[in-house]
Amino acid sequence: MPVPNISSVRTAAARIAGVVHRTPVLTSRALNTRTGAELFFKAEHLQRVGAFKFRGAVNAIAALDPEARTRGVVAFSSGNHAQAIALAASLASIPAVIVMPEDAPAMKIIATRGYGAEVVLYDRYTQDRNIIGAGLAAERGLTLIPPFNHLDVITGQGTAALELFEETGPLDLLLVPVGGGGLIAGSALVAAELSPGCKVVGVEPETGNDAQQSLTRGEIVTIPVPRTIADGAQTTALGSLTFPLMQKHVSQMVTVTDLQLVETMRLIAERMKQIVEPTGCLAAAATLQGAVEVAGKKVGVILSGGNIDITQFAALIARG
């Protein structure tokens, strides 16, 4: 299988142009003062479907051959990849089936159906979504587009970092949320080409640090489904494509607690007037809560998604 590179990311950028938003890069004087750093937040929570996942979905579907497009696609996701594939498939006028955990946020299930996809629910703690997805693909002749371990998904996600570096120039640090590794794999290979001195740091929930363990041990580590409010990072293992890219280009993995995610959601809402979901706050939490030393540095932070029910957002902030 071909290995993603900067050329394939640029190809993806051209392929998705005009469909995917070029999201803004936000700054905050208050948060710069708090950290002693120059922070640049890539606002992927303002992307279509509310998350960076739309980039990879559009790129993967655009790359399908005509016969595969006619048959349709299947994907599995806790929400953001689900919505992304559903909308991308709708825009391309092809059928989509999405396998989603039954405890996924209701608004994500509703939105996925609203984009026209068929939703198949499963129990994430007792059933294997890979098996369900592969079974549907074989039974119906669909093309499986996984949420991270896919060449076109990885290069599509890398376009977020490509836009960030085009706007900011070289950075000292780039902090990226990590679930299965698609976003950080694409972002890290872009950083390696456009800002070779930039240290790429991945951020996971404390209870779901499989990537941290994997990079430490030098092999993919599989963990039970983590219990965390960061539902987009409730993955159990990295992918066979994302892991070697992370080994090559990622300098460090750190973790943050659910409480730190809530406090970061509050800070971003108060200081930047932005609503970002828990998973989307992973990189920001590491930056703002001291998990990574950023003082005196020029730092890129990817806010990866904003899909959270406003009532849940208010409840988390109130409890936090």
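Predicted model: local features only at pLDDT ≥ 70, side-chain atom pairs only at ≥ 80, totals over all residues.

Colleague: How many salt bridges does a search of the whole structure find?

Modeller: Side chains of opposite charge can pair when their charged atoms come close. With that cut-off, the search of the whole structure comes back with 12 salt bridges.

Colleague: Which residue does Glu 166 meet in a salt bridge?

Modeller: Glu 166 is partly exposed at 45% relative accessibility; on this scale buried is under 20% relative accessible area, exposed is over 50% and partly exposed is in between (1.4 Å probe, protein chains only). The N to O distance in its salt bridge is 3.0 Å, and the partner is Arg 22. That pair links distant parts of the chain, 144 residues apart: Glu 166 sits in helix H8 (residues 151–168), and the loop between helix H1 (6–16) and strand S1 (25–26) holds Arg 22.

Colleague: Helices and strands by which assignment?

Modeller: Helices are runs of H or I with at least four residues, strands are runs of E with at least two, and they are numbered from the N terminus. The runs come from DSSP.

Colleague: Which residues do salt bridges with shared partners join into one network?

Modeller: Start with Lys 42 and Glu 163, whose side chains meet at 2.7 Å, N to O; Lys 42 is in strand S2 (residues 38–43) and Glu 163 in helix H8, 121 residues apart. Next, Glu 44 pairs with Arg 55, the closest N and O atoms being 2.8 Å apart. Glu 44 lies in the loop between S2 and helix H3 (53–62) and Arg 55 in helix H3, so this pair ties together parts 11 residues apart in sequence. Joined into one network through shared partners are Lys 42, Glu 44, Arg 55 and Glu 163.

Colleague: What is the phi of Val 49?

Modeller: Most residues other than glycine have a negative phi. Val 49 lies in the loop between S2 and H3 and has a positive value, with phi near 65°.

Colleague: What volume does the largest pocket have?

Modeller: On a 1 Å grid over the protein atoms alone, a pocket is an open set of points where a 1.4 Å probe fits, with protein on both sides within 12 Å along at least five of seven lines; lining residues have an atom within 4 Å of a point. Points are joined across faces, edges and corners, and the volume is the space filled by probe spheres set on them. For the largest pocket that gives about 700 Å³.

Colleague: Which residues are the closest to its centre?

Modeller: The lining has 39 residues, and helices H5 (80–91), H7 (129–140) and H9 (182–194) each supply at least two. Closest to the centre of the largest pocket are Arg 129, Pro 147, Phe 148, Gln 234 and Thr 235.

Technical notes: Residues numbered from 1 in each chain as written. Heavy atoms only, no water. Salt bridge = Lys/Arg side-chain N within 4 Å of Asp/Glu carboxyl O.
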